[in-house]
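Here is a short report for a first look. Keep the sequence and the 3D view at hand.

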Amino acid sequence: HDHRTHLKAAIDWLCNRESLKRDGLSSGWTFAAGWQETSAASTGMVIETLIAAARYLDQPELKQEAARLADGLVDAARREDFELADAGAVLQGLLAGHTQLGQAACLDAAHALSLKMAQQLSNRADQWGLHAAASLWPMTRTGQLAGDSHLLEAVETKLHAMLGQQTPSGWLQ
């Protein structure tokens, strides 16, 4: 089949009533247990995908679903503390909600989460790791959109510290 057919099938699978619950997207599926609990990180990752698919597949209901998920992600960002591994994906979803759906609450939630993440990262002087690196871009974008020069400076400081741990081959220690 062509790419459009495959994309539509994948989106249909993601939007399955069992995987796309009221409070977000399932974190996965197994033969043993079926659909797993919802995950803010999974939800954040799929928002941008649904927005793009809505345009490409000419299915505006996907954009509405993305907006609903972004609303839920705002609530999750306000009430939960995320592991660094998940926070970058949550930020990506919130930024898509703000920039592509025009939801101002998404920027507020992204900004608050970025500030928490900056504090988490400042307390981790030993290993920065891939998850921290993946979080720095959405934190930077949040700082730009929110006009927060202090957040941008904090991210820049963390980026320089991370680059100082880079090996000659380019890997991060």
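## Helix α3

This is a predicted model. Buried residues in α3 include Glu65, Leu69, Leu73 and Val74. Several alanines are buried too, among them Ala66, Ala70, Ala76 and Ala77.

## Leu62 in α3

Leu62 belongs to helix α3. Its relative accessible area is 5%, so Leu62 is buried; the cut-off is under 20%. Setting aside neighbours within four places in sequence, Leu62 contacts Ile11, Cys15, Leu50, Ala53, Ala54 and Leu57. Ile51 is 11 residues from Leu62 in sequence. Their C-alpha atoms are 6.5 Å apart.

## Helix α4

Helix α4 covers residues 84–99. Its 16 residues should span 22 Å at 1.5 Å a residue. The end C-alpha atoms are 23 Å apart, which agrees. Leu84, Val90, Leu91, Leu94 and Leu95 are among the buried residues of α4. Gly88, Gly93 and Gly97 are also buried.

## Thr142 in α6

Thr142 sits in helix α6, residues 129–146. Is Thr142 buried or exposed? Thr142 counts as buried, because its relative accessibility is 0%.

The side chain of Thr142 reaches the backbone oxygen of Pro138 at 2.8 Å. Not counting residues up to four places away in sequence, Thr142 touches Leu91, Leu95, Leu107, Ala110, His111, Ser114 and Leu151. Of these, Leu91 and Leu95 are buried residues of α4.

Methods
Residues numbered from 1 in each chain as written. Predicted model: local features only at pLDDT ≥ 70, side-chain atom pairs only at ≥ 80, totals over all residues. Heavy atoms only, no water. Helix = DSSP H or I, 4+ residues; strand = E, 2+ residues; numbered from the N terminus. Buried < 20%, exposed > 50% of the residue type's maximum accessible area, 1.4 Å probe, protein only. Polar contact = N/O pair within 3.5 Å; in protein donor to acceptor, adjacent residues only side chain to side chain. Contact = heavy atoms within 4.5 Å. Expected span 1.5 Å × (residues − 1).
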